[in-house]
Amino acid sequence: MSVNKPDFYYASDYAGLTFKDGGFYYGYEHNICQECGNKNNGESCENHVDADRYWCFTAKLPNIEKMIVIPFNFLGTKDMFDVVANLNMGIGWILAKYNLVLHT
Ligand SMILES: [Zn+2]
């Protein structure tokens, strides 16, 4: 695969789009405890093992060290398990909120 070619992937509980030096992801691997807001990596909250969790959209952008995390309840979509819709909405929020500069 060419290093500049994006790669889209999905399954029943996650979806992602990777590209050179970054990527977008939505799914169970990044989630937030609905009881306390703890961020968890694919596991239950250490304080609330049985609590429901919001799956999260994440974005890793080139030249930005910090990962952007948007939980499902902030995406404005209807179904937490519609992973492709939630991935797309997350990308939409990135495009809406960030000043992007094209490098030629
Ligand atoms: Zn918790």
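What share of the 104 residues in the protein is buried? Buried residues make up 20% of the chain's 104 residues, where buried means that 20 or more other C-beta atoms lie within 10 Å of a residue's own, exposed means 12 or fewer, and partly exposed is in between, with C-beta atoms placed from the backbone. The structure is a predicted model, in which local features need pLDDT of at least 70 and side-chain atom pairs count only at pLDDT 80 or more, while totals for chains, interfaces and linings use all residues. Residues are numbered from 1 along each chain as its sequence is written.

The protein contains two helices and six strands, and along the sequence these follow the pattern β-β-β-β-β-β-α-α. Both kinds of element are DSSP runs numbered from the N terminus, helices being H or I of at least four residues and strands being E of at least two. The C-alpha trace spans about 50 × 25 × 25 Å along its principal axes. Of the contacts between residues at least 6 apart in sequence, 35% join residues at least 24 apart, a contact being a pair of C-beta atoms, placed from the backbone, within 7 Å.

Strand pairing comes next. β1 (7-10) and β2 (14-19) run antiparallel and are joined by four bridges; two strands count as paired if DSSP finds at least two bridges between them. These two strands form a hairpin with three residues between them, and Y9 stands opposite G16 in β2. β2 also runs antiparallel to β3, through six bridges, with A15 opposite Y26 in β3. The hairpin of β2 and β3 has two residues between the strands, and here D21 takes a positive phi near 70 degrees.

The largest nonpolar core has 14 residues, of which Y26, C56, F57 and L87 touch the most other members. Such a core is a set of buried Ala, Val, Leu, Ile, Met, Phe, Trp, Tyr and Cys residues joined through C-beta atoms within 7 Å. Two or more of its residues come from each of β3 (22-33), β5 (53-60), α1 (72-75) and α2 (83-97). Leaving aside neighbours within four places in sequence, L87 is in contact with A15, G16, L17, F24, Y26 and F57.

L87 is also one of the buried residues of α2, together with V83, N86 and G90. Seen down the helix axis, these buried residues fall within an arc of 105 degrees, so they line one face of α2; the arc is that of the directions from the axis to the C-beta atoms. On the other side of α2, V84, L95 and A96 are exposed. Elements covering the buried residues include β1, β2, β3, β5, β6 and α1.

I70 lies in one of these covering elements, strand β6 (residues 68-71). I70 counts as buried because it has 21 C-beta neighbours inside 10 Å. Not counting residues up to four places away in sequence, I70 touches C56, F57, L75, G90 and W93. I70 and Y26 are 44 residues apart in sequence, yet their C-alpha atoms are 9.2 Å apart in space.

Notes. Two residues are in contact if their C-beta atoms, placed from the backbone, lie within 7 Å.
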